[in-house]
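Hi,

Here's the structure I said I'd pass on.

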Amino acid sequence: MCGIVGYIGLKQVYPIVINGLKRLEYRGYDSAGIAIVNGDTHVFKKQGKVNDLVQFTENDNVTGIIGMGHTRWATHGEPNDINAHPHRSMNNYFTLIHNGIIENYSGLKKKLEANGYEFKSETDTEVLVNLIEYYYLKGSVSGELAVRLALSKVIGAYGIVVACTKEPDQLIAARKGSPLVIGIGNDEYFIASDATPIIEHTKSVIYLNNDNVAILKRNELVLKTLDDIELTPKIQEIQMDLGEIEKNGYDHFMLKEIFEQPKSIKDTFRGRLSSDLKNIRLGGLLDVMDKIENARRIIIIGCGTSWHAGLVGEYLFEEYARIPVEVEYASEFRYRNPVIYDDDVVIAISQSGETADTLAAIGLAKEQKATVLGICNVVGSSIPRETHAGVYTHAGPEIGVASTKAFTAQVTVLAMMALKLSHKRKTITDEKYHQLIQELNNIPAKIEETLKFNEEYKRIASLYKDATNFLYLGRGYFFPVALEGALKLKEISYIHAEGYPAAEMKHGPIALIDSNMPVVVIATKDRSYEKIVSNIQEVKARSGIVIAVVTTGDTIIRNMADHVLEVPETESSLAALLTVIPLQLLSYHIAVMRGCNVDQPRNLAKSVTVE
Ligand code: G6P
């Protein structure tokens, strides 16, 4: 959470930082602020979005060629102007932006108060900036040393950028836990929480590692550890185009990302499905394939939508590879003292690659000597660097806070992994293996077919946009789809929604059903078709409104349901990839019709770097 941008060079910093903050706004949008170093350091900050900050600074002199900006997702202290970043130290020697949490801030604050420091905000960040100043003044040391001394006292996570008034030609950046990327231009450097604010300026970047400190002057970069050991920066090229992070004519990023799914899924399996569609190659897993093949158990961890993808993965691995699978919320797994064997394989799923709980769960699994794999979307993020091996989803940047194309890309990777593994373990026949690969290859075209019904989804959305509750039901592979459909609706339209295994409806949710309750049932043809038809009848018998996702041409459910959303026929093990599409679009249209901010839903952030 929180987005950070910094610039040092010869160009005007204000437009660079403001544009960068707009790109990072998906990380948090409670407040925004900017600091410009120009003689003195000028700080402007405002509750609300980056555009509020732009309006706020309309009449100010915002010239300068060194500076930093921040967009906040509030943790310590409510979203207001005072708690907004950048924060300044009491004597104005230092200015700082921060993404993360200083866990021991209250002890540090007491120590600083005992030394005469006073605080304006309720934030942990203001404690850090004052701690830096405290060491700076106490030891008469350089700004850089003061930063390193202060950080050595900090428990928690941080990505920071710091400016020192007395050393106005440099910025200092440091990370632990929260991501930071440095972009290398001509006589200029950029700093950001991810590469999206950087790619319009340069494609050469350095991803900071934990405990790295970078000292940036216009034409000099020094990288070192917190303990002052100098490091050789590893420069990488970003594989991302500007078009990928723009709306390209769509009203919202979420809509663009939903419609991108035929392409993003192809990007996920490109180069991984052989051209004759007879084999799967997952280069990132080659070194650990033996371990996966002989795994005692697979444990899948994730949060939010990634956890839902993990549930689909459980069904895939168990059905085809016949390996027992557990799927856990990363936040529960890490704190419940789980039994982990050294021949377990743990798969961490994360779009951002930065989710704090997932990262901590990976650490725990590694301590217990399990083999840990990652399925991530953001290249160079923390999770791929912390895991033993993994597979990138290559879905392209996902900006809409509610995840859509990342989900289908994650399920695609899980399907490829499960099929590869089952073929190696000989738990499926060659024929079945080839047939499933061919069907996976057909999925993008089938999603195209599904997307053609967008106007119909919009029409149905208009009928139920004012509902106060929704129920989503599914069995087998469609239970996770039901959970994901309900989550999409909650996240962006603020309508209460619950996803349930269809058979469990009888054990509680059925009591909620009346003529006002839309029930979305995922009921495509598969082995539990007859059962789900009965569940639909149970809903109808209680006057519930049934919106059913069905296989094209289904007449049985068409005669029972109030509305049907057709998707092409496919293997049921891959059908999550199709059936989720109408649910994404239904939520999208309902949210738009309710006037909600679809791309930036209230209280949420895309990258959850706090626990
Ligand atoms: C947040 C996002 C969700 C996402 C979840 C896990 O809650 O809003 O869309 O599913 O975090 O994020 P990850 O990046 O680990 O997949």
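In helix α7 (residues 261–269), Gln261, Pro262, Ile265, Lys266 and Phe269 meet Leu440, Asn441, Ile443, Pro444, Ile447, Glu448 and Leu451 of α14, where contact means heavy atoms within 4.5 Å. Those contact residues split into 8 nonpolar, 2 polar and 2 charged (Ala, Val, Leu, Ile, Met, Phe, Trp, Tyr, Cys and Pro count as nonpolar, Asp, Glu, Lys and Arg as charged, and the others, Gly among them, as polar). The angle between α7 and α14 is about 170 degrees, and their axes are 8 Å apart, so the two helices are roughly antiparallel.

Before I go on: this is a predicted model, so local features need pLDDT of at least 70 and side-chain atom pairs count only at pLDDT 80 or more, while totals for chains, interfaces and linings use all residues. Residues are numbered from 1 along each chain as its sequence is written, and side-chain values use heavy atoms, with hydrogens and water left out.

Helices (H or I, at least four residues) and strands (E, at least two) are DSSP runs numbered from the N terminus. Axes are lines fitted to C-alpha atoms, for helices over the stretch in contact, and angles run from 0 to 180 degrees between N-to-C directions. Angles under 35 degrees count as roughly parallel, over 145 as roughly antiparallel, 65 to 115 as roughly perpendicular and the rest as oblique.

Back to α14 (residues 430–451), which also packs with α18 (residues 576–593) at about 25 degrees, axes 9 Å apart. That makes the pair roughly parallel. On the α14 side the contact includes Leu440, Ile443 and Ile447, and on the α18 side Leu577, Leu578 and Ile581 are among the residues involved. By type, the α14–α18 contact has 9 nonpolar, 1 polar and 1 charged.

Next, α9 (residues 304–321) and α13 (residues 405–424): their axes come within 9 Å and cross at roughly 20 degrees, so they are roughly parallel. This crossing is right-handed. Among the contact residues are Thr305, Ser306 and His308 of α9 and Phe407, Gln410 and Val411 of α13. Here the count is 14 nonpolar, 7 polar and no charged.

Ser306 turns up again at the ligand. There are 13 residues around the ligand, and Ser306, Ser350, Gln351, Ser352 and Thr355 come nearest (near means a heavy atom within 4 Å). The polar contacts (N or O pairs within 3.5 Å; within protein, one atom must be able to donate a hydrogen and the other to accept it, and residues adjacent in sequence count only if both atoms are side-chain atoms) look like this:

- Ser306: a polar side-chain atom 2.5 Å from a ligand oxygen
- Gln351: a polar backbone atom 2.7 Å from a ligand oxygen
- Ser352: a polar side-chain atom 2.6 Å from a ligand oxygen

Two backbone notes to finish. His85 and Pro86 are joined by a cis peptide bond, with omega about 0 degrees, and Pro86 sits in the loop between β4 (66–72) and β5 (87–88). Ser140 isn't a glycine, yet has a positive phi of about 45 degrees; Ser140 is in the loop between α4 (124–139) and α5 (143–151).

Cheers

How values were computed. Left-handed = near helix turned anticlockwise from the far one by under 90°.
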